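The sequence and structure come first.

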Amino acid sequence: MQNCEQPELVVTGIGVSSAIGQGKAAFSSALFKGQHAFGVMQRPGRRGEASFIGAELSSLSYPETLSKRMLRTASFSGQVAMVTLQEAWDDAKLDNVDPSRIGLVVGGSNFQQRELFQTYETYREKMCFVPPTYGVSFMDTDLCGLCTEQFGIQGFAYTVGGSSASGQVAIIQAIEAVQAGRVDVCIAMGALMDISYMECQALRSLGAMGSDRYADEPAMACRPFDKMRDGFIYGESCGVVVIERSDSAVRRQEKPYAKLAGWDMGMDRNRNPNPSCEGEVRVIRRTLEKAKLLPEEIDYINPHGTGSIVGDEIEIKALRDCKLSHAYINATKSIIGHGLSAAGTVEMIATLLQMRDSRLHPTRNLQEPIGVDCNWVKNESIPAVIHNTMNLSMGFGGINTAICMQKCESGI
């Protein structure tokens with residue numbers, strides 16, 4: 001029995017919230033200018049005995065369409081999720097799609113830690129006053145409930161945890177759900193991971209989060225792939241992408257951002273946070289094979305690039321081993337920080353916007369690159385025609401993911 005060729009899968013909607021801007025217009029404008037929002041974090045629950053550098057959203061603009069009741073009882077992660085999904089929903093015009101044929105995959109786990117920690121602190125001595133909404137809101141699935149109720153989604157909704165690769169794992173799950181015909185449209189969200197000073201301190205002690213080396217110069221702290229890097233710098237963010245078949249997009253007269261050409265996920269058989277070059281190489285090569293692309297056909301790579309002492313070195317070696325050093329490379333995290341569970345989704349959105357505008361954003365603080373043979377986009381935005389891209393996202397526990405996208409033949 002012959003296999004019929006499956007329709008192409010495309011991205012038809014995006015939504016983004018980050019410290020450098022809410023919405024794709026503000027986000028892309030700041031991205032291309034290299035505007036950052038790094039400073040000592042001030043949000044309640046993030047300042048203990050030590051202080052930490054990061055990038056926090058200054059404020060949120062709430063669309064009138066969102067339920068004020070649900071916003072009032074939602075966690076900060078939940079509020080940002082609803083706001084960001086509204087942009088992607090409108091962008092893809094999902095009001096015209098059968099709600100029973102829409103699915104939602106939320107990338108992230110334990111992403112409401114700061115608010116949970118504050119609840120413990122507030123009600124520890126008066127437990128009988130704990131708000132009943134806490135019985136729902138402490139679970140990750142609360143974001144699924146908030147979003148499905150607000151937007152009327154009746155297909156499926158669930159969360160997937162992949163550490164810092166969660167956002168890209170959610171995208172892969174959404175791709176495969178549409179490909180399998182479970183739904184016509186699937187929304188992938190990289191949820192805002194709202195960490196407290198407990199997580200900040202533990203991650204710093206682990207050597208993953210940046211030290212206080214740049215305590216007096218917060219703008220200098222986030223420096224992926226630079227010789228003076230000393231760990232990732234956190235940044236609040238949330239990203240949403242809408243995925244559907246190309247024939248569905250044509251039927252709905254939706255112009256896609258890009259085609260999803262190939263993807264893969266693989267494990268290193270390793271509980272610890274240290275990365276594996278072998279594992280990264282494996283998913284890169286399988287993704288290229290599935291996309292039917294040769295290494296030399298990749299124009300641009302959006303790497304994981306956290307600023308990790310070991311991780312950045314391993315990632316550069318993996319790219320070399322896969323013969324991808326020729327492709328343009330920049331580091332989105334150098335501008336927005338590391339969104340943890342949201343990173344993979346937000347960075348895919350950054351790639352889509354760069355494809356759309358035929359322009360690559362700069363990499364901040366890349367003064368002495370560790371990979372001198374790589375084709376870096378350094379301190380200035382540059383024009384570039386981008387046909388084939390690759391996004392990489394990795395997570396603690398040995399999780400490796402890669403996704404290739406292609407410019408649609410009809411343009412973006």
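## Second largest pocket

The residues lining the second largest pocket divide into six nonpolar, four polar and five charged. This is a predicted model. The lining has 15 residues, and those nearest the pocket centre are Gln6, Lys259, Leu260, Ala261 and Lys290. E10 provides the largest share, with five residues. The volume of the second largest pocket is about 470 Å³.

## Largest pocket

The largest pocket holds about 810 Å³ of space. Its lining is made up of 39 residues, and Ser163, Ser164, Ala208, Pro273 and Phe396 lie nearest the centre. By class, the lining of the largest pocket comprises 19 polar, 15 nonpolar and five charged residues.

At least two lining residues come from each of helix H8 (197-206), helix H11 (311-321), strand E16 (388-395) and strand E17 (399-406). H8 gives the largest share of this lining, four residues.

## Cysteines

A disulfide requires two cysteine sulfur atoms within 2.5 Å, and by this rule the model has zero disulfides. For Cys222, the closest cysteine sulfur belongs to Cys200 and lies 14 Å away, so the two are too far apart for a bond. Cys222 is buried, at 1% relative accessible area.

The sulfur of Cys374 has its closest cysteine sulfur in Cys322, at 12 Å, which is also too far for a bond. Cys374 counts as buried, with a relative accessibility of 8%.

Technical notes:
Residues are numbered from 1 along each chain as its sequence is written. This is a predicted model: local features need pLDDT of at least 70, side-chain atom pairs count only at pLDDT 80 or more; totals for chains, interfaces and linings use all residues. Side-chain values use heavy atoms; hydrogens and water are left out. Buried means under 20% relative accessible area, exposed over 50%, partly exposed in between (1.4 Å probe, protein chains only). On a 1 Å grid over the protein atoms alone, a cavity is a set of points where a 1.4 Å probe fits but cannot get out, and a pocket is an open set with protein on both sides within 12 Å along at least five of seven lines; lining residues have an atom within 4 Å of a point. Grid points are joined across faces, edges and corners, and a volume is the space filled by probe spheres set on the points. Ala, Val, Leu, Ile, Met, Phe, Trp, Tyr, Cys and Pro count as nonpolar, Asp, Glu, Lys and Arg as charged, and the others, Gly among them, as polar.
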